[in-house]
Amino acid sequence: MDGMLSQEEINALLGNTAGDDSDAATDSASGSTLTAQECDAIGEISNICMGTAATTLYSLVNQKVTITTPSVTISKWDELVADYEKPCVFITISYKEGIDGNNVLILREDDVKVITDLMMGGDGTNLVDELSELHLSAICEAMNQMMGSSATSLSTMLGEMVDISPPTADLVSLVDEIDEGKVGSFYNNSFVKVLFKMEIGELVNSSIMQLYPIDLAKDLYTKFISSQEPEQAAPAAAPQAPPAASPVQPAASQAPPQMGQPMMNQMPPQMGQPMMGQMPPQMGQPMPYNYVPVQDVNVQPVQFQPFNTAVNPITQQENMDLIMDVPLEVTVELGRTSKSIKEILEFAPGTIIELDKLAGEPINVLVNGKLVAKGEVVVIEESFGVRITDIIKE
């Protein structure tokens, strides 16, 4: 050996054995490949969509939500099971307009517990042992709003309407026998894995994963590039020649006075009077034609004719008669209380709600929502009634 490296060895050391597609995401077992340009486009699309989704999630949990720039790779089910925490929640998003296919969001089970607890009025620390149908329904609603806003961003990027169906959520263990109906075509095929880091306040420091079928990823790339082509291919507008400068003609009001005519609005101001909008002409300089001195103005306060405060009793009674038949809504308020969303969702037949009124305490009588009296409940034959005990005077 002469100590010289061959071209193949040099390429191997530099990582360029794949030629122009060296940066592409590839699954060697199946031969499925995304080029470097396709990976970049999918990453950009996912980053913009998930950024919009993070803003929506913030409005739901009232906590700062940070989702970082994603990494895009080709993966298979066995690699996903080995890398991700178990169990986890699969949220399936199906497109019904603009895009043909679906993608899957994967969240850790503990992250879902924190998000749903915040949505139900908790502080994110009161976590349940197991996710119930109520929690899965709540995370579906959150994802529906998040991915709905993402679909709006995607519509803007692709230049066409994109709409989704309501998402579905399933708890997947990843270690037991897999229900292929829950994971779709991802179980036996390679797919595109887009991994984000997600932080929610100080409660969650985790990751969220989005899975695309390779065909859907390529379709997104094609639509994305097509939407960008008109902007890139449009030739730069030829600079237009500036219009030829036309000689400025003095306005009629600015024409110099004719011989023998008095000079209008050009007299210098009197001693001690301010000038309007410009400095006085210096000695030896011509007087400007648009020079207008300030005139003395007599300013007086406005005066109004006083109203006649005397009221005619006959006219007042006629005015009252006009509104006597106007219907008003009378409401009797037994009491009030405040409940959280979590407590209201737990309502069932037989639930007792404690009010802020004590037994025997006067109840409120409201007219069109305004408190006008207090009273006590009575029974008139088979109906309830109210006996007025006090009139509220303001």
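Predicted model: local features only at pLDDT ≥ 70, side-chain atom pairs only at ≥ 80, totals over all residues.

Visitor: Is asparagine 62 buried or exposed?

Guide: Asparagine 62 has a relative accessible area of 62%. Exposed means over 50%, so asparagine 62 counts as exposed.

Visitor: And what about phi of asparagine 368?

Guide: Phi of asparagine 368 is near 55°, again a positive value in a non-glycine residue. This asparagine 368 sits in the loop between strand 12 (363-367) and strand 13 (370-380), and it is exposed, with a relative accessible area of 51%.

Visitor: Why point out a positive phi?

Guide: Most residues other than glycine have a negative phi.

Visitor: Let's zoom out. How many helices and strands are in the chain?

Guide: The chain has nine helices and 14 strands. It has 394 residues, and 30% of them count as buried.

Visitor: What about helix 4, is it enclosed or open?

Guide: Helix 4 is largely enclosed by the rest of the structure, because nine of its 11 residues are buried. Among the buried ones are Glu109, Asp111, Lys113 and Asp117, along with Val112 and Ile115. After helix 4 comes glycine 121, with a positive phi near 95°.

Visitor: How do the axes of helix 2 and helix 4 cross?

Guide: The axes of helix 2 (residues 36-61) and helix 4 (residues 109-119) come within 8 Å and cross at roughly 55°. That makes helix 2 oblique to helix 4. Leu57, Leu60 and Val61 of helix 2 make the contact with Ile115, Leu118 and Met119 of helix 4. By type, the residues of this contact are six nonpolar, no polar and no charged.

Visitor: And how do helix 4 and helix 5 cross?

Guide: Their axes come within 9 Å and cross at roughly 80°. Helix 4 and helix 5 are therefore roughly perpendicular to each other. On the helix 4 side, the contact involves Val112, Ile115, Thr116 and Met119, and on the helix 5 side His135, Ala138, Ile139 and Ala142. That contact divides into six nonpolar, two polar and no charged residues.

Visitor: You mentioned His135. Which side chain does the side chain of histidine 135 make a polar contact with?

Guide: That would be serine 132, at 2.7 Å. Histidine 135 is in helix 5 (residues 133-158) and counts as buried at 11% relative accessibility. Not counting residues up to four places away in sequence, histidine 135 touches Thr116, Met120 and Val128.

Visitor: Switching topic, how many residues does the largest nonpolar core have?

Guide: The largest nonpolar core has 55 residues, and those with the most contacts inside it are Ile91, Ile139, Leu154, Val192 and Ile200. Helix 5 gives the most to this core, with 11 residues.

Visitor: What is isoleucine 139 in contact with?

Guide: Leaving out neighbours within four places in sequence, isoleucine 139 is in contact with Ile91, Leu107, Val112, Ile115, Thr116 and Ala169. There's also a second, separate core of 12 residues, which includes Trp77, Val81, Val104 and Phe191.

Note on methods:
Residues numbered from 1 in each chain as written. Heavy atoms only, no water. Helix = DSSP H or I, 4+ residues; strand = E, 2+ residues; numbered from the N terminus. Buried < 20%, exposed > 50% of the residue type's maximum accessible area, 1.4 Å probe, protein only. Polar contact = N/O pair within 3.5 Å; in protein donor to acceptor, adjacent residues only side chain to side chain. Contact = heavy atoms within 4.5 Å. Axes fitted to C-alpha atoms, helices over the stretch in contact; angles between N-to-C directions. Parallel < 35°, antiparallel > 145°, perpendicular 65-115°, else oblique. Nonpolar A, V, L, I, M, F, W, Y, C, P; charged D, E, K, R; others polar. Core = buried A, V, L, I, M, F, W, Y, C linked by side-chain atoms within 4.5 Å.
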